[in-house]
Amino acid sequence: QVQLVESGGGLVQAGGSLRVSCAASGSTFSIYLMGWFRQAPGKEREFVAACSWSGGPTYYQDSVKGRFTISRDNAKNTVYLQMNSLKPEDTAVYYCAATRLGGSYLNPHYWGQGTQVTVSS
């Protein structure tokens with residue numbers, strides 16, 4: 001099992017920046033991909049970004065390309081999502097997710113509890 005704990009959410013003004021973190025513990029050796037999803041009120045959860053746990057390509061939703069950056073620190077078993085030029089429509093609960101080998105970053109095996117990000121206009 002893998003446990004994921006997010007932190008770093010909060011309230012920020014439009015145009016501002018925020019970084020959320022996700023610390024992984026447990027059977028981290030089984031992680032192949034790490035990612036972030038978000039869910040806004042009244043909407044379905046959607047993919048935001050993903051990266052390989054061992055390095056390699058990154059993946060982004062079109063609406064965040066050029067504004068958000070996913071990165072990882074393997075020594076700390078932590079993945080980050082740096083969010084710049086935030087917009088009110090980025091307001092959502094952000095969830096960290098992990099995928100085992102053979103899986104897809106769009107269908108992760110493990111989820112964190114989520115952290116609220118609110119962007120005021």
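Modeller: Happy to, and let me begin with Asp90, which is buried at a relative accessible area of 0%; buried means under 20% relative accessible area, exposed over 50% and partly exposed in between, with a 1.4 Å probe and protein chains only. Please keep in mind that this is a predicted model, where local features need pLDDT of at least 70 and side-chain atom pairs count only at pLDDT 80 or more, while totals for chains, interfaces and linings use all residues. Residues are numbered from 1 along each chain as its sequence is written, and side-chain values use heavy atoms, with hydrogens and water left out.

The structure holds four salt bridges, each being a side-chain nitrogen of Lys or Arg within 4 Å of a carboxyl oxygen of Asp or Glu. One of them joins Asp90 to Arg38, with 2.9 Å between the closest N and O atoms. Arg38 sits in strand E4 (residues 31-39) and Asp90 in the loop between strands E8 (78-83) and E9 (92-100), so this pair ties together parts that are 52 residues apart in sequence. Strands here are DSSP runs of at least two residues, numbered from the N terminus. Arg38 is buried too, with a relative accessible area of 6%.

Asp90 also meets Arg67 in a salt bridge, at 2.8 Å from N to O. Arg67 belongs to the loop between strands E6 (58-60) and E7 (68-73), so its pairing with Asp90 ties together parts 23 residues apart in sequence. Both Arg67 and Asp90 are buried. Along with Glu46, the residues Arg38, Arg67 and Asp90 are linked in a network of salt bridges.

Elsewhere, Asp62 pairs with Lys65, their closest N and O atoms being 3.1 Å apart, and both Asp62 and Lys65 are exposed.

Methods
Helices (H or I, at least four residues) and strands (E, at least two) are DSSP runs, numbered from the N terminus.
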